[in-house]
Amino acid sequence: MEILKIHPADNIFIALKELPIGTPLEEGVFTKEPIRQGHKVAGQRIPKGSIVLKFAQPIGIASRDIAAGEHVHLHNLSYIPSSSNHSYGSASREVPHTKLANFQGIIRPNGQIATRNYIGILTSVNCSATVARHIADQFRGSILEQWPNVDGVVALTHKTGCGMASEGEAMNILRRTIGGYARHPNFFGILIVGLGCEANQVDRLLDAEDLSPSENLFDLIIQEEGGSSATVRGGVSKIKAMLDKANKIERQSVSVSHLKLGLQCGGSDGFSALTANPALGVASDILVQHGGTAVLSETPEIYGAEHILLSRAVSRDIADKLLERLSWWQAYTSRTGETLDNNPSPGNKEGGLTTILEKSLGAVAKGGTSPLVDVVQFAETLKTSGFVFMDTPGYDPVSVTGQVAGGCNIVCFTTGRGSCFGCKPVPSLKLATNTPMYRRMIEDMDINCGEIIDGTATVEEMGRKIFDLIVATASGKKTASERLGYGEDEFVPWVIGATV
């Protein structure tokens, strides 16, 4: 198969392979130019001003007359504001229950379930980042062989924490993010390193996030400890004490209902909506049927497809929460002279995606078909099992940082262009949308969803395969990004507001 019309109402085809001039599309219709894999080609004449349809949904408007057989992309397809129907609940349904599967997890004393066992070093401000990294550097390499049950000592630093108001929305988001990581079950213990004079004072951070120093949570202030070297020595001592205790953990059989799955896509292409994203949606639905939680995010990347989520909202209140966040984003982008159609990225466009409406239809597919049971703020603690939406930017490292802070203990990340990503302390699985990229970047990828286009697997079969890999990974199987060492630099709290 060389081409695909996704829905009978569509007026475009997707090129599943490179199409030379003269490739037949429909009776009497042939390609008028070479069409790249993953790109769109007109199946009929589309007059200027007409809506272009994919999945029977508008993805833009013809900016000039488009001949049958012509490439449809940036040169002749323009963005139009979303005209989505904002009704809610029409597609909400009962979730069928299934016999619960188990995985080999780590049970923390407070009852939370972990998929990994790290010691974390967090910072209140950029000024303490170097010290935090120096502490972590003392536990890299062969020294960790003394503690074989510990996955590592990781310093998660950031570029903010000062030059901002000491209170308010921006500080609340930063503190909520750091607090979420400090409470994350994948950390056995936490050391927070501060400078001493920053806007994000450590004592205020702890108070705001209801955190208290304990045998597994310490803080060190560089200006009080006697400087950088003294703080490094103090930090190393405290972490050594925690490592001996952390090493005593054992994995136990626990219900898959304890899994909280972050759904992500990055470096998307024309196949994302056809292979990896809907297959991940199947896996998401299976997890929800097992009582687990699946978290879709990236608010700018559901714009134009929000009606799909609204139709699955279990209540008017949940629908209104989602609409309020979309309204916030439209105001937020307009303040900086931008629009939500500044997305897709250049790489997305190179892969065949043209407008945010088209990209959003594929992005939403990661969320499967389960009812939408909650909408939460960035880095807000997840309290409801089922399918949840978290408000985050579309920028992958920031979005995943919010999901992990909220409690996600595993992430699935689909990519068509070949994004490189990890998110310590949480394992991140990389799902390739197409076989050529999978083969080209095989050491970075965990599963090839391009088999769907190749005809060797169905979306449902691939979804089950993804779910099985999720369970194996949660039980300790290392991901490609873990083997490559990704995950420290990808901690990126969301920065909003002025830097002063």
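Helix H6 is largely enclosed by the rest of the structure, because twelve of its 14 residues are buried. Keep in mind that you are looking at a predicted model. Among the buried residues of H6 are Ala276, Asn277, Pro278, Leu280, Asp285, Ile286 and Val288. Helix H6 covers residues 276-289, and the span from its first C-alpha to its last is 20 Å, close to the 20 Å expected at 1.5 Å a residue. Just after H6 comes glycine 291, with a positive phi of about 90°.

Now let's look at how two other helices meet. Two packed helices are described by the angle between their axes and the distance between the axes. For helix H2 and helix H11, the axes come within 7 Å and cross at roughly 55°. That makes H2 oblique to H11. The crossing in which H2 passes H11 is left-handed. Here are the residues that meet:

| Helix | Residue range | Residues in the meeting |
|---|---|---|
| H2 | 169-183 | Arg176, Thr177, Gly180, Tyr181 |
| H11 | 396-406 | Val400, Thr401, Val404, Ala405 |

Finally, the strands. In what order do the four strands of the open sheet lie? The order is S1-S2-S5-S8, with antiparallel pairing. Strand S1 (3-4) and strand S8 (71-72) are the edge strands, and each pairs on one side only. Strand S2 (residues 12-15) and strand S5 (residues 40-42) run antiparallel and are joined by three bridges. You can find a bridge partner here yourself: isoleucine 14 is partnered by lysine 40 in S5.

Methods:
Residues numbered from 1 in each chain as written. Predicted model: local features only at pLDDT ≥ 70, side-chain atom pairs only at ≥ 80, totals over all residues. Heavy atoms only, no water. Pairing = 2+ DSSP bridges. Helix = DSSP H or I, 4+ residues; strand = E, 2+ residues; numbered from the N terminus. Expected span 1.5 Å × (residues − 1). Buried < 20%, exposed > 50% of the residue type's maximum accessible area, 1.4 Å probe, protein only. Axes fitted to C-alpha atoms, helices over the stretch in contact; angles between N-to-C directions. Parallel < 35°, antiparallel > 145°, perpendicular 65-115°, else oblique. Left-handed = near helix turned anticlockwise from the far one by under 90°. Contact = heavy atoms within 4.5 Å.
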